[in-house]
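My entries follow the structure.

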Amino acid sequence: MTKDWIGTLRAQEQIGPDLYAAVVECAPVARQAQPGQFVLVSPGDRSLRLLRPLGISGTSGDMFEMIYRKVGRGTELMTRWQPGTEFLFRGPAGGAFSRPTGPAIAVAGTLGVAPLLFARQVFGPFEKMFLGVPNGSWEPFARWVAGRAGETELYCDTGEI
């Protein structure tokens with residue numbers, strides 16, 4: 001059963017234009033989360049009733065990392081959070097990946113790479129990882145991903161990268 005929690009933002013880094021990685025402290029979730037799962041985050045404004053689904057890209061001790069893109073009012077509010085900010089979220093939610101029984105190839109587009117980064121952390125490197133992005137403005141994000149998963153092969157819709 002998915003449960004509501006209060007998390008504390010410990011760090012937030014801009015990893016591309018309007019793209020962020022946030023490290024959250026919440027021991028029960030960090031210790032329960034499995035690759036493939038996500039959290040539903042409340043941006044903190046009561047007028048915004050829908051929770052934002054954000055992929056878990058890794059865990060470490062009592063911390064988990066989630067990545068997101070600023071696309072509207074809720075995620076714009078989240079970009080202003082400072083370390084120590086507490087917020088409501090639900091999770092971990094969704095089904096977990098099964099451990100690969102042999103060499104695995106991973107394919108993702110943009111932020112869909114989050115659960116694959118978590119899987120790589122838990123299961124080990126992929127034989128190859130393919131990442132697709134829409135254009136050259138995603139290059140900083142692509143470099144961030146490649147820094148975590150060295151076996152990444154990048155594809156860009158416009159051929160700019």
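I took strands (E, at least two residues) and helices (H or I, at least four) as DSSP runs numbered from the N terminus.

I noted that the model is predicted, that local features need pLDDT of at least 70 and side-chain atom pairs pLDDT 80 or more, and that totals for chains, interfaces and linings use all residues. Residues are numbered from 1 along each chain as its sequence is written, and side-chain values use heavy atoms, without hydrogens and water.

I next checked the neighbours of β8, counting strands as paired if DSSP finds at least two bridges between them. β7 runs parallel to β8 and is joined to it by five bridges; Ala108 has Leu131 as its bridge partner. The chain passes from β7 through α3 to β8 in a right-handed β-α-β crossover (clockwise from the first strand over the helix to the second, with the strands pointing away from the viewer). Five bridges also pair β8 with β9 (residues 152-156) in the parallel sense, and Val133 is partnered by Cys156. The crossover from β8 through α4 to β9 is right-handed.

Finally, I examined Val145, which touches Val113, Leu117, Met129, Leu131 and Thr152, leaving aside residues up to four places away in sequence (contact: heavy atoms within 4.5 Å).
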